[in-house]
Amino acid sequence: MESIIRCIRAEIPDAHIHSLVVGSCPFTEKMNSLFMDVNKQVKLACRMILDDKKLENGYHGLGISQGGQFLRAVAQRCPHPPMFNLITLGSQHQGYYGVGQIKYHDMALYLAKHISYWGIIRSNTVVAQNWHDPIDYKTYAKKNTFIADINNEKKEKKEKYKTHLLRLKNLVLVKFTRDERVVPPDSSWFGFYTNGQDKEITQMRESQLYKEDWIGLKELDEKGRLHLLETDNVHLRYSREWFIDNVVTPWLTPTYWKKEEEENPQS
């Protein structure tokens, strides 16, 4: 995050950047990223943003890897102060079904399927809360406590998740086409394995999530506010020039937004 902050400040010297840190030191921060209930992390993030008076009129959100879906949950659950743009890089918006390039099979699959839904594991491991089992979708939708919730895959839909996400000016999703950490890489664009198997992918626009517009993706898309970017690289590998040209300049630079508002006063 420090290298990203330096890059943004080099382009926007007077930017106020609040890096959300959940932990008192690098070690606890790392442990929390693995073992702290994601829902608690989102609550803490909401509180930190609300307490930052420099953000009270609104802010842009930039989420890296799993931080992307965490920050999306902030937009959906905590609409004040407002988030203007949300940009996510290599995030797992549909969760994941594997670690690295290895999908779960045989005994590992059995253990992952069952242990992920144990109460103590489900509440205290980030992997379990991002775990999306396409083979047994019904169990996933019922028992997963984070991804299935913010994607409105539960039986009872939360209308506020859609209403709040639609307040974004833009939702920008970056996929790394050779991502070895996000399985499948299409999860960064809300794509995932078709239910019942783990080979064929159902892309976002063909999914029930999109067609029935559970969280507002279809409406954002139809209004030109959903942007799918990709780079032919592995997880979070990109050049400084690419980051500036594709993220900082179009989505974070104040002069760009002033120009757009003048050209599109109703946006």
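**Sheet and helix packing in a predicted model**

Four strands form an open sheet in the order 1-2-3-6, with parallel pairing. The model is predicted. Helix 4 (residues 66–77) packs against helix 3 (residues 38–51), and helix 4 also packs on the sheet.

**Sheet**

- The edges are taken by strand 1 (59–64) and strand 6 (226–231); each has a single partner strand, so one side of each is left without a neighbour in the sheet.
- On average, neighbouring strands of this sheet are turned by 15° against each other, direction ignored.
- Five bridges join strand 2 (residues 83–89) to strand 3 (residues 170–176) in the parallel sense.
- Val 172 in strand 3 is the bridge partner of Ile 87.

**Helix 4 on the sheet**

- Helix 4 touches strand 1 and strand 2.
- The direction of helix 4 makes about 145° with that of strand 1.

**Helix 3 against helix 4**

- Two packed helices are described by the angle between their axes and the distance between the axes.
- For helix 3 and helix 4, the angle is about 65° and the axes are 9 Å apart.
- The crossing of helix 3 past helix 4 is right-handed.
- Helix 3 contributes Val 38, Asn 39, Gln 41, Val 42, Ala 45, Cys 46 and Ile 49 to the contact, and these meet Phe 70, Ala 73, Val 74 and Arg 77 of helix 4.
- By class, this contact of helix 3 with helix 4 has eight nonpolar, two polar and one charged residues.

Note on methods: Residues are numbered from 1 along each chain as its sequence is written. This is a predicted model: local features need pLDDT of at least 70, side-chain atom pairs count only at pLDDT 80 or more; totals for chains, interfaces and linings use all residues. Side-chain values use heavy atoms; hydrogens and water are left out. Axes are lines fitted to C-alpha atoms, for helices over the stretch in contact, and angles run from 0 to 180 degrees between N-to-C directions. Helices (H or I, at least four residues) and strands (E, at least two) are DSSP runs, numbered from the N terminus. A crossing is left-handed if the near helix is turned anticlockwise from the far one by less than a right angle, and right-handed if clockwise. Contact means heavy atoms within 4.5 Å. Ala, Val, Leu, Ile, Met, Phe, Trp, Tyr, Cys and Pro count as nonpolar, Asp, Glu, Lys and Arg as charged, and the others, Gly among them, as polar. Two strands pair if DSSP finds at least two bridges between them.
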